[in-house]
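I open this notebook to record what I looked up in the structure shown below. The entries follow the order in which I consulted it.

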Amino acid sequence: MRVLIAGSSGALARQVALLLKSRGHEVIGLDRRPWRDAPEGIEVFETDVRKRAAEDVFRTRKPECVVHMATVNALTAGGDERARINVGGTKSLFEHAVNHGVKHVVFVGRHTYYGASADSPLYHTEDEPPHGIGSFPELADLVAADLYAANALWREPGLVTTVLRLVYTLGPSQQGTLASFLRGKRVPLVLGYDPLFQFLFESDAARAIALSVEQRVKGIYNVCGPNPVPLRLIVEHTGRTAVPIPEPLLRGLLGRFGLPRLPAGALEHIKFPIVVDGKAFRRATSFSHEVDEVECLQRYRLLTGR
Amino acid sequence: MASDDSVRERVNRLELPFNALGIDPYGISKKHLVVGFSLLGWFYRHYFRVRAVGAANVPRRGRAMLVGNHSGGYAIDGAMVLASMMLELEPPRLAQGMAEKFINQLPVGSLWSSRTGQFTGLPEHAERLLEDDRLLMVFPEGARGTAKLYKERYSLVDFGTGFMRLALKTKTPIVPLGFVGGADAVPTVTNSYALGKLVGVPYVPVTPYGVALPLPAPCEVHYGEALRFSGTGDEEDQVIRGYVEQVKHRIAELVEAARASRRARLRPGAGA
C-alpha cells in the first residue's frame with residue numbers, strides 16, 4: 001500500500017515510516033523539516049502541509065493512506081504559529097485527501113486531549129469530552145485538531161478516518177513531552193502531588209500506528225500499553241532525582257535554574273493524571289505492547305546514560 | 001508505627017493486580033498502603049479502640065458496596081471502616097471510598113488519596129471499580145452527613161440515590177453498616193463554613209474545646225448482611241427511593257445496635 005506520512009521528520013514518524021517500509025509498504029514522507037539520513041526507498045518531500053507543493057504530492061503520488069503526524073504537541077511550544085499548524089494543517093490535509101482519492105486518513109493525536117484536572121476521572125474512554133481546557137488554553141488547538149479530524153467520520157463518509165489518542169512515548173529518540181520533562185538530572189515535581197503517567201516505548205507506539213494503517217480501523221481510539229506509573233517512580237526509575245517544590249514557588253522558578261519553561265497550565269499536567277482506557281483499540285486491532293512499564297523505564301535509563 | 005509488620009503482611013495478601021513496582025492499574029501503591037494503614041491501624045486499635053461486629057458479612061471476593069452513615073465531625077468513620085476491612089477480613093480487602101472533590105485539589109491530600117485508592121466520588125470511578133470487582137465504600141449522606149452536630153449524631157440526613165442506581169446497574173450487593181463514636185471523638189457544636197472556605201475545605205467543625213482534633217472516644221461499627229436488589233438502574237425515582245429507604249432503615253437499625261452495644265461496653269453492668 002502507498003502510505004504518505006505527513007510530519008515524517010518527527011522522531012516517532014520516522015520510526016513509523018521505517019516500520020511500514022519494512023512491512024512492504026511504499027512510504028512517502030512530507031515535512032517542512034529535512035530528514036537527512038532518510039533511507040533509500042523513502043521519498044521525502046520538504047514542504048509544509050499547507051503549501052501548494054504539498055497538494056502536488058497528493059495529486060502526483062496518489063497515496064492510498066495518509067498518516068497525519070504533522071502536529072506540534074510540545075507543551076513548551078506556544079503562540080499563534082502552533083495553532084495555525086495544528087488546526088490549519090489538519091484542515092488542509094483532510095481537504096487534499098478528499099480531493100485526491102485517499103481512502104484512509106490516520107490522525108495521530110494525543111491523549112492530552114482529555115486534559116488534566118482535579119475532577120477528571122481515571123481511565124478516559126473515547127466518548128468523553130475534553131476536561132480542563134479552561135485552565136490550559138495552550139491545549140485548545142490540539143483539541144480543535146482532534147475534533148476536526150473526528151468530524152471527518154461523518155463529514156466524509158467516503159473516507160475511512162482513524163483518530164488515535166496516543167499516550168506519551170519514551171525511547172531512543174529521547175524526544176516528546178515526557179522525555180523533555182525528564183531531560184535534566186533533577187526533575188521538579190509539585191510538592192504533595194504525584195500524578196499517574198501512561199507511556200509506550202517508541203517501538204510499540206510505532207507498531208500501533210502501523211497496525212491502524214494496515215487494518216484500516218475506522219473510529220476514535222485511545223492507544224496505550226502498560227499500566228500507568230506515578231511520575232515520581234518514573235523519575236526515580238529512569239535514574240533522575242525528584243525535587244518536590246511547593247506549587248507557588250515552582251511557578252516562580254519555571255524557566256530558571258535549568259528547570260523547563262512551561263506555560264502555567266502545564267502545571268496541571270504534573271499535578272493530575274491523564275489516564276486512558278485502551279480497550280477499544282486492542283479489541284479492534286489486537287494490539288498489545290511488547291515493552292512493559294518496568295522495562296521501558298529501564299531501557300530509557302540506559303539510553304540516556306544514567 | 002511508621003510501618004507495622006502485621007500491616008505489611010496484610011497488604012502483601014491483598015488480592016489486587018500489583019505490578020513489579022508495587023503499583024496497581026489505578027496507581028494504588030503497596031508502599032503507601034503500608035504506611036497509611038500502619039497509621040490508621042494504630043488509631044483503630046489503640047486510639048479509637050474500634051470494635052467491628054459482623055465484618056464476615058462482607059464478601060471475600062468480588063464487587064460489593066459498603067454503605068453507611070456518617071457519625072459526625074469529619075470522616076473518622078470512613079477511615080476506621082477502611083482499617084477494619086484491612087485488619088479484620090480474611091483475606092484482607094482494600095475498601096475504596098468515594099472522596100470529596102476538594103481532597104484531590106489539596107497538596108498531600110491528592111497524593112495520599114491517589115496512592116491509597118481513595119478516589120474522587122465520580123460516577124465513572126465508582127462504576128469502573130465495581131466492574132473491576134473492587135470493594136467500594138459509600139456514604140450516601142455526603143458532606144452533609146459529616147457536618148452533623150453532636151446532638152444530631154444518631155440521626156440520618158437525606159440519602160442520595162446514585163449509589164442505588166449504580167448497585168442495580170452493576171448488580172452489586174450492598175453491605176449496610178452502622179457506625180457510632182465519631183461524634184464523641186469530634187463533638188461538633190457548630191461548623192464554620194467561612195473558615196472552611198479560607199482553607200479550601202467545605203467546613204471546619206468547631207468543638208467545645210475549640211480545635212477539632214479527635215478525642216480518644218471508642219468507636220463501634222456493625223456490618224449487616226448483604227442486601228441484593230434486582231433491576232437495571234433505570235427505574236423510576238419512586239422505585240429507587242423505595243429501595244434506598246430500605247437500606248437507610250437497615251442502617252438506622254445497625255446504628256441502634258452499635259449504640260446499644262457501645263453503651264454496654266462503656267458501662268458494663270449498667271444494662272444495655
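Predicted model: local features only at pLDDT ≥ 70, side-chain atom pairs only at ≥ 80, totals over all residues.

**Entry 1: the sheet of chain A**

**Entry 2: strand 4 of chain A**

I asked which strands pair with strand 4 of chain A. Strand 1 (residues 2-6) of chain A runs parallel to strand 4 of chain A, and 4 bridges join them. In this pairing A6(A) stands opposite H68(A). Strand 5 (residues 104-110) of chain A also pairs with strand 4 of chain A in the parallel sense, over 4 bridges. There I found C65(A) opposite H104(A).

Are the faces of strand 4 (residues 65-68) of chain A covered or uncovered? Both are covered: C65(A) and V67(A) are buried on one side, and V66(A) and H68(A) are buried on the other. I recalled that in a regular strand the side chains alternate between the two faces of the sheet.

I listed the contacts of V67(A), leaving out residues up to four places away in sequence. V67(A) touches V3(A), I5(A), A6(A), V16(A), V106(A), V108(A), I209(A) and V213(A).

**Entry 3: the nonpolar core**

I looked up the largest nonpolar core, which has 155 residues. The members that touch the most other members are I5(A), V67(A), I209(A) and L66(B). Helix 3 (residues 76-88) of chain B gives the most to this core, with 9 residues. In soluble globular proteins, nonpolar side chains tend to be buried together.

**Entry 4: the sheet of chain B**

I turned to chain B and found an open sheet of 7 strands with the order 1-9-6-2-5-3-4 and mixed pairing. Its edge strands are strand 1 (51-53) and strand 4 (119-120) of chain B. Strand 3 (residues 95-99) and strand 5 (residues 135-138) of chain B pair in the parallel sense over 3 bridges, and G97(B) stands opposite M137(B).

Helix 3 of chain B lies across several strands of chain B, including strand 6 (174-180) and strand 9 (220-223), and runs at about 165 degrees to strand 3 of chain B. Helix 11 (residues 237-266) of chain B lies across strand 1, strand 2, strand 6 and strand 9 of chain B, running at about 40 degrees to strand 6 of chain B.

**Entry 5: where the chains meet**

I noted that 18 residues of chain A are in contact with 21 residues of chain B. Strand 12 (229-230) and helix 10 (293-303) of chain A each supply at least two residues of the side of chain A that touches chain B. The residues of that side divide into 12 nonpolar, 2 polar and 4 charged.

**Entry 6: confidence**

The predictor gives the complex an ipTM of 0.91 and a pTM of 0.93. Chain B averages a pLDDT of 93, and 98% of its residues score at least 70.

Key: Residues numbered from 1 in each chain as written. Chains lettered and ligands numbered in written order. pLDDT = per-residue confidence, 0-100. Contact = placed C-beta atoms within 7 Å. Nonpolar A, V, L, I, M, F, W, Y, C, P; charged D, E, K, R; others polar. Core = buried A, V, L, I, M, F, W, Y, C linked by C-beta atoms within 7 Å. Buried ≥ 20, exposed ≤ 12 C-beta atoms within 10 Å, placed from the backbone. Pairing = 2+ DSSP bridges. Axes fitted to C-alpha atoms, helices over the stretch in contact; angles between N-to-C directions.
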